[in-house]
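Subject: Structure handover

Hello,

Here is the structure we talked about handing over. Please open it first; notes on what was found follow below.

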Amino acid sequence: MGIIKILHTLFGIFGNITGLFLFLAPMITFRRVIMNRSTEQFSGMPYVMTLLNCLLSTWYGLPFVSPNNILVSIINGTGAGLEAFYVVVFLIFAPRKEKAKISGILFVVLSIFSTVALVSMLALHGQKRKVFSGFAAAIFSIIMYGSPLSIMRLVIKTKSVEYMPFFLSLFVFLCGTSWFVYGLLGKDPFIAVPNGVGGLLGTAQLILYAIYRGNKGQSKKSEEDGRSDMELGKSQEKEKEKEIPNTQNGDAKA
């Protein structure tokens with residue numbers, strides 16, 4: 001039992017380290033967003049869903065909800081602060097339509113968290129509180145891990161990994177796997193199951209990155225080459241049109 005408890009703590013610490021890198025990974029993306037003053041084709045959905053997951057997981061890890069899971073609260077509380085920053089930056093630079101969409105989802109996210117916290121505190125106690133909060137955290141953890149599926153579809157469609165940062169995919173895999181083991185050792189399905197799903201989706205993202213890593217930015221280059229070819233074709237057509245009247249004039253003089 002002693003060894004299991006030590007391993008449980010060690011994987012929790014490792015989960016905190018990989019989780020911190022996971023939450024910091026989007027800094028590269030948002031540096032680009034701020035510099036270009038545009039969110040381009042980046043999706044705001046993963047950051048809003050991650051914010052909800054962090055809030056619910058922080059709540060679940062608190063001692064009066066789920067004993068012996070304070071490491072869960074520490075990293076997810078930190079993550080909630082970082083994700084809130086990303087969401088604010090995204091809203092500042094997003095197009096009007098996307099801004100309205102993400103604002104609406106953010107309102108729903110905050111409403112869900114407030115409802116879960118209030119119900120679990122005022123209406124539930126002991127094991128019932130843990131189960132209710134655990135289910136909520138697990139469901140939205142799975143949704144969070146699944147939110148990059150739209151980006152994965154974009155990668156397959158464009159055959160380019162430009163909008164799926166490598167380090168984000170890497171730390172999704174590492175974080176999901178470490179917390180999966182932590183949940184198994186602690187016999188906590190509310191931690192093990194969603195993070196097991198996260199580890200699998202992280203693996204899928206890394207496989208996609210390995211397949212299309214050489215095509216980064218190729219879609220833009222192809223579009224530019226296509227435009228250049230079209231412009232060249234148009235200029236050649238205009239030259240031919242000029243040559244035809246000249247030829248006709250020459251024949252008339254003959």
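What share of the contacts in the chain with a separation of 6 or more comes from residues 24 or more positions apart? The share is 77%, where contact means heavy atoms within 4.5 Å.

Some ground rules come before the rest. This is a predicted model, in which local features need pLDDT of at least 70 and side-chain atom pairs count only at pLDDT 80 or more, while totals for chains, interfaces and linings use all residues. Residues are numbered from 1 along each chain as its sequence is written, and side-chain values use heavy atoms, with hydrogens and water left out.

The chain as a whole

The chain has ten helices and zero strands; these are DSSP runs numbered from the N terminus, with helices being H or I of at least four residues and strands E of at least two. Of its 254 residues, 42% are buried, meaning under 20% relative accessible area, against over 50% for exposed and in between for partly exposed (1.4 Å probe, protein chains only). The chain exposes about 14400 Å², of which carbon and sulfur atoms supply 68%. Accessible areas come from the Shrake-Rupley method with a 1.4 Å probe, and for residues only the protein chains shown count as cover.

Helix 8

Helix 8 covers residues 166-185. From its first C-alpha to its last, this 20-residue helix reaches 29 Å, close to the 28 Å expected at 1.5 Å a residue; the expected span is 1.5 Å times one less than the number of residues. Its buried residues include Phe-171, Val-172, Cys-175, Trp-179 and Tyr-182. An α-helix has 3.6 residues a turn, so residues three or four places apart point the same way. Among the elements covering the buried residues of helix 8 are helix 1 (2-24), helix 4 (70-93), helix 6 (126-146) and helix 9 (189-212).

Gly-183 belongs to helix 8 and is buried, at a relative accessible area of 1%. Beyond its neighbours within four places in sequence, Gly-183 contacts Asp-188, Ile-191 and Ala-192. Its C-alpha lies 9.7 Å from that of Pro-194, eleven residues apart along the chain.

Two lysines with positive phi

Lys-187 sits in the loop between helix 8 and helix 9. Its phi is positive, about 50°, although Lys-187 is not a glycine, and the residue is exposed at 76% relative accessibility. Lys-159, in the loop between helix 7 (149-158) and helix 8, has a positive phi near 55°. Lys-159 is partly exposed, at 45% relative accessibility.

Regards
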